[in-house]
Amino acid sequence: MKINLIGDIMLDEYQFYSSTRMSPEAPVPVLTGLTEVQIKLGGAANLAACFSKLGYQVDLFGVCSNDGFQEYKHLVQKENINIDHLLVDETIKTTRKKRMIVSGNQICRVDEETILTESHSKKLLKKIKENIDLKYPTILSDYGKGSSDIYIDKKVRAEIGPQYIDPKYPNWDRYLGSEYLKANEKEYNESLELSGCVNASELIEKYKIKNLIVTMGNKGSKLTSINEEHRINGIAVEVADVTGAGDCFMAAFVWAIEFGYQIKSALLFANAAAAVSVKYLGVFRPDFYQILASLEHKLVLEESTTDSKKIRENN
């Protein structure tokens with residue numbers, strides 16, 4: 001099993017501090033000691049790790065600095081991710097999100113990033129064309145840092161366009177003609193507002209999207225296409241951290257579709273994956289068996305609820 005993954009790669013840094021008092025200057029804790037630092041794959045690199053956890057070999061395409069590349073080399077040692085096709089460019093700073101954690105709570109985030117230029121995009125496109133294997137599915141993981149700019153050109157979309165897209169920009173012209181586009185509620189509503197469309201059906205007509213998926217957190221997800229519409233309820237869990245939940249959903253959905261699942265079943269599987277991931281602080285990537293356990297728990301709860309309803313009706 002192999003896929004091509006194109007996108008904005010990042011590093012997620014978690015800094016754990018101790019604190020015993022609040023600042024007299026502002027309602028914030030005084031950090032008295034750095035106890036631990038964790039560096040994890042972020043952005044499109046986290047999505048790659050989600051695919052790896054589900055058994056895929058991932059060819060990852062993106063841009064980073066040399067320092068960032070060295071960190072990626074260390075982080076992917078236990079992952080099935082090929083980073084040989086990354087564009088290493090010293091004119092950029094690898095995007096890094098630094099999170100300050102006190103007593104299990106994130107109190108601050110500091111972002112370091114570079115938005116790619118047209119020159120970077122041309123180099124990235126060259127790297128992709130030289131190395132991509134179009135026998136396998138292609139996924140675009142867009143975080144608005146510039147990697148998706150290559151798809152502004154419709155000729156590039158026709159030549160190496162992705163089948164699965166996780167968008168960032170509210171203008172979906174660069175995603176025109178996608179087979180599956182997964183947006184969260186915020187991204188979906190922003191696209192509605194910008195495009196002047198009033199619903200999902202109008203969006204798929206305007207942007208020629210075959211299947212539009214909208215994830216809605218604990219409310220579940222929905223899919224709209226020309227011929228069908230599905231709505232899947234969320235799975236009630238105690239949420240610790242939503243970081244990376246969208247990536248878990250995306251990887252699980254692609255996995256299910258590529259293995260021949262029907263769309264409704266793929267949505268159920270993806271919902272279950274996201275529900276597992278949010279129960280943990282920081283990025284957590286569930287494996288196949290953890291997703292199945294989550295899905296089984298949902299079905300048991302629904303069956304129990306149905307049985308209880310029948311009992312009440314009969315009494």
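## Pocket, cavities and sheets

Helix H7 gives the most to the lining of the largest pocket, with four residues. This is a predicted model, in which local features need pLDDT of at least 70 and side-chain atom pairs count only at pLDDT 80 or more, while totals for chains, interfaces and linings use all residues. Residues are numbered from 1 along each chain as its sequence is written, and side-chain values use heavy atoms, with hydrogens and water left out.

The confidence of the predictor in each residue is called pLDDT and runs from 0 to 100; its mean over the protein chain is 91, and 94% of the residues reach 70 or more.

Rolling a probe the size of a water molecule over the atoms shows where empty space is left. On a 1 Å grid over the protein atoms alone, a cavity is a set of points where a 1.4 Å probe fits but cannot get out, whereas a pocket is an open set with protein on both sides within 12 Å along at least five of seven lines, and lining residues have an atom within 4 Å of a point. Grid points are joined across faces, edges and corners, and a volume is the space filled by probe spheres set on the points.

The largest pocket is lined by 45 residues, of which Asn184, Val242, Gly244, Ala245 and Gly246 lie nearest its centre. Among the elements that give two or more residues to this lining are strand E12 (180–184), helix H5 (185–195) and helix H7 (245–258); helices (H or I, at least four residues) and strands (E, at least two) are DSSP runs, numbered from the N terminus.

The structure also holds two cavities of 30 Å³ or more. The lining of the second largest cavity consists of Cys50, Leu54, Cys248, Ala251, Ala252, Ala273, Pro286 and Ile291, and H7 again gives the most to it, with three residues. In the table, Ala, Val, Leu, Ile, Met, Phe, Trp, Tyr, Cys and Pro count as nonpolar, Asp, Glu, Lys and Arg as charged, and the others, Gly among them, as polar.

| Space | Volume | Lining residues by class |
|---|---|---|
| Largest pocket | about 1,200 Å³ | 15 nonpolar, 14 polar, 16 charged |
| Largest cavity | about 80 Å³ | four nonpolar, five polar, three charged |
| Second largest cavity | about 40 Å³ | eight nonpolar, no polar, no charged |

Turning to the sheets, nine strands form an open sheet of mixed pairing in the order E6-E4-E1-E10-E11-E12-E13-E14-E15, where two strands pair if DSSP finds at least two bridges between them. Strand E6 (81–82) and strand E15 (229–232) stand at the edges with a single partner strand each, so one side of each is left without a neighbour in the sheet. Four bridges join strand E14 (residues 221–225) to E15, and the two run antiparallel. H7 lies across E10, E11, E12, E13 and E14, running at about 170° to E11; axes are lines fitted to C-alpha atoms, for helices over the stretch in contact, and angles run from 0 to 180 degrees between N-to-C directions.

Another open sheet, also of mixed pairing, is formed by four strands in the order E3-E2-E8-E9. Within it, E2 and E8 run parallel and are joined by eight bridges.

Key: Contact means heavy atoms within 4.5 Å.
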